[in-house]
Amino acid sequence: MEYLTKDKLVIVGAAGMIGSNMAQTALMMNLTPNICLYDPYAPALQGVAEELRHCGFEGAAITYTSDIGEALKDAAYIVNSGGAARKAGMTREDLLKGNAAIAEQFGKDVKKYCPDVKHVVVIFNPADITGLVTLLYSGLKPSQVSTLAALDSTRLRSELAKYFHMPADEITNSRTYGGHGEQMAVFASTTLVAGQPLDEIIGTQRFPDADWEALRQRVIQGGKNIIELRGRSSFQSPAYLSIEMIAAAMGGRPFRWPAGTYVNNKRFSHIMMAMETVITKDGVECRPVSGSAREEAGLDASYRHLCALRDEVIALGVLPPISEWAGINPYLDQTVPAE
């Protein structure tokens, strides 16, 4: 069996539904035979490892451990879904304090056990904040840490495909930016519907303004809808998309969607947020984002919302004041040029 790499991939939170799906997806995509599963809940973790072995993946060397030091030793790539799950009635932001503390410890563990890791994907909510906390305490470069933001863009594509009764592949370049939460900025100006710009269709008889606004809200509430339908938070889509991200970082197929990345420039300061990005073996690169005046205002509002969440985490003591960040991770004092 030919794999993309033989480097060690660690799945953190592997006993959960997202984590176990990530591990299976990585093996089905032939990313690496060297997969280590980590979770503090040992019985379920062993069950996941047993099931993956029962799949009979050719050449796979699946290991598992509830010792974080053993798991992270020699890790080249990590995907972390190890936070508390979102439950019915909760927003992503409701998970803030507990999951921020988990991210702090994870960042410190990365710095201690695998400082030479190549790329880390953080996907537990609120991912913009947990990714930022991880980045700070890991000491890694901003290009080495990304977060899952693509779900909002794929949900936009899905809703548009359903509305226009066409295959999803005919909806191209659907994009949301900013926060992965209630204040995300949903862009129409980037999107093509069967080759026609979406913003030329909105407000016409084919797609009245009220229908567009209702669709936007369905995208924003996409995760809530899954919880209502299935009785649990999403796990298949975040698992697949996060493994697509780590595959791109391994040098595989380019990632097709926006990712959460660290931004520090004249417009956005010391924040992790969804931007137009490129993920390669060199890491995640931030690209400029532009849209209509209304879309730009929405992105600015989303940024301010994220800053409020970041400042709340600072007030909780999980993050130090921004003025102290460079002393913990010198890379965070550098400018990320895209605006």
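**View 1. Arg267 and Asp300 pair up.** Arg267, with a relative accessible area of 25%, is partly exposed (between buried, under 20%, and exposed, over 50%; 1.4 Å probe, protein chains only). Asp300 is also at 25% relative accessibility, so this residue counts as partly exposed too. The two side chains meet in a salt bridge at 3.0 Å, N to O (a side-chain nitrogen of Lys or Arg within 4 Å of a carboxyl oxygen of Asp or Glu). The pair links distant parts of the chain, 33 residues apart: Asp300 lies in helix H11, and Arg267 in the loop between strands E12 and E13 (helices, H or I, of at least four residues and strands, E, of at least two are DSSP runs numbered from the N terminus).

This is a predicted model, where local features need pLDDT of at least 70 and side-chain atom pairs pLDDT 80 or more, while totals for chains, interfaces and linings use all residues. Residues are numbered from 1 along each chain as its sequence is written, and side-chain values use heavy atoms, without hydrogens and water.

**View 2. Arg175 meets Glu276.** The closest N and O atoms of this salt bridge are 2.9 Å apart. Arg175 sits in strand E8 and Glu276 in strand E13, 101 residues apart. Arg175 counts as buried because its relative accessibility is 6%; Glu276, at 19%, counts as buried as well.

**View 3. Lys73 and Asp74 form a salt bridge.** Here the closest N and O atoms are 3.0 Å apart. Both Asp74 and Lys73 are exposed.

**View 4. Glu159, Lys162 and Arg218 form a network.** Salt bridges link these three residues. The structure holds 14 salt bridges.
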